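Dear colleague,

Please find below the structure that I am handing over to you.

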Amino acid sequence: MDNTTWVVNHTGRSGFYLVGLFSQYKYPALLCVIVFVVFLMALSGNIILILVIYCDAHLHNPMYFFITQLSFMDVMYISVTVPKMLMDQVLGVNKISAPECGMQMFLYLTLGGSEVFLLAAMAYDRYVAICHPLLYPILMNHRVCLLLVSSSWFLGSLDGFTLTPVTMTFPFCRSREIHHFFCEVPAVMKLSCSDTSLYETLMYLCCVLMLLIPVTVISSSYSFILFTIHRMNSAEGQKKAFATCSSHMTVVILFYGASVYTYMLPTSYHTPEKDMIVSFLYTILTPVLNPLIYSLRNKDVTRALKRMLNGNFVL
């Protein structure tokens with residue numbers, strides 16, 4: 001191997017090749033159409049939900065403020081991976097440069113980490129609303145809501161700023177093919193020709209800490225919520241509380257379950273096919289389900305949507 005080839009192989013300047021989701025299926029064109037439709041549904045669903053909440057004064061409260069932030073994150077999250085994947089399939093190109101790969105990695109780590117903490121903030125909001133309703137306007141005032149949201153973004157960006165530079169500075173001298181449809185950290189690390197065991201251990205500990213705090217907040221909040229609901233005398237109050245909390249728990253289970261599989265299970269449990277399916281679940285499917293979960297199961301949102309369609313805005 002001459003010096004030029006060695007430099008190209010070890011600096012990552014030649015970029016990477018995304019094997020992609022479509023190469024795993026017999027009818028890639030059909031799957032491409034399905035992913036495109038899902039992408040449009042995610043964009044339209046989340047944008048409509050944001051507009052409905054913004055245009056209706058009845059929904060100007062902390063819970064719906066957090067939901068708009070979640071929808072905004074989902075719009076960005078799915079836009080980081082899917083457009084590139086669809087364009088590669090249409091144009092027949094699957095190459096991604098090292099800077100593009102690093103940027104994609106940073107964005108999805110930041111957005112994913114931010115959403116993890118935002119879901120914990122949403123659980124705390126429901127805890128205060130159900131367990132301490134009289135103190136709710138004080139404990140969840142506008143300033144507190146802004147602090148919780150900005151903290152979620154900040155902590156998520158720490159994840160991106162921490163993992164991305166380290167991952168992308170490893171020497172890559174094996175095959176340049178990433179067996180994934182985007183630059184996910186574990187998939188990229190498999191291409192490194194150096195020993196990454198220490199880094200993988202540190203990444204595991206980082207993910208444990210990142211998930212431990214939100215999971216503690218969420219589990220504690222819902223334990224108190226369930227206890228409070230059990231003591232309610234009003235059947236209607238119990239039903240409304242269960243409806244709100246079950247919607248949130250559905251989102252939490254989907255997102256956290258996929259995150260635990262991707263970053264906390266040993267490599268022996270992973271295969272490229274499984275990894276792509278799980279990643280499809282939390283990067284593409286979850287952004288579609290979130291607006292459905294928070295709109296179809298929420299009477300306030302459905303009423304606001306009807307008023308919006310009829311032109312009866314409540315500003």
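Eleven helices and three strands make up the secondary structure of the protein, in what is a predicted model.

The protein has 315 residues, 45% of which count as buried. Its accessible surface amounts to about 16000 Å², with carbon and sulfur atoms contributing 70% of that area. Among contacts with a separation of 6 or more, 79% are formed by residues 24 or more positions apart.

On the cysteines, I would draw your attention to the following. The structure contains one disulfide, formed between Cys-101 and Cys-183 with an S to S distance of 2.1 Å. This pair links distant parts of the chain, as its two members lie 82 residues apart. Cys-101 belongs to helix α4 (residues 98-131), whereas Cys-183 sits in the loop that runs between β3 (177-178) and α7 (185-189). The torsion about the S-S bond of Cys-101 and Cys-183 is about -125 degrees, and the disulfide is therefore left-handed. Both Cys-101 and Cys-183 are buried.

With kind regards

Conventions. Residues numbered from 1 in each chain as written. Predicted model: local features only at pLDDT ≥ 70, side-chain atom pairs only at ≥ 80, totals over all residues. Heavy atoms only, no water. Disulfide = S-S within 2.5 Å. Helix = DSSP H or I, 4+ residues; strand = E, 2+ residues; numbered from the N terminus. Buried < 20%, exposed > 50% of the residue type's maximum accessible area, 1.4 Å probe, protein only. Contact = heavy atoms within 4.5 Å. Areas by Shrake-Rupley, 256 points an atom, 1.4 Å probe, with all protein chains shown as cover.
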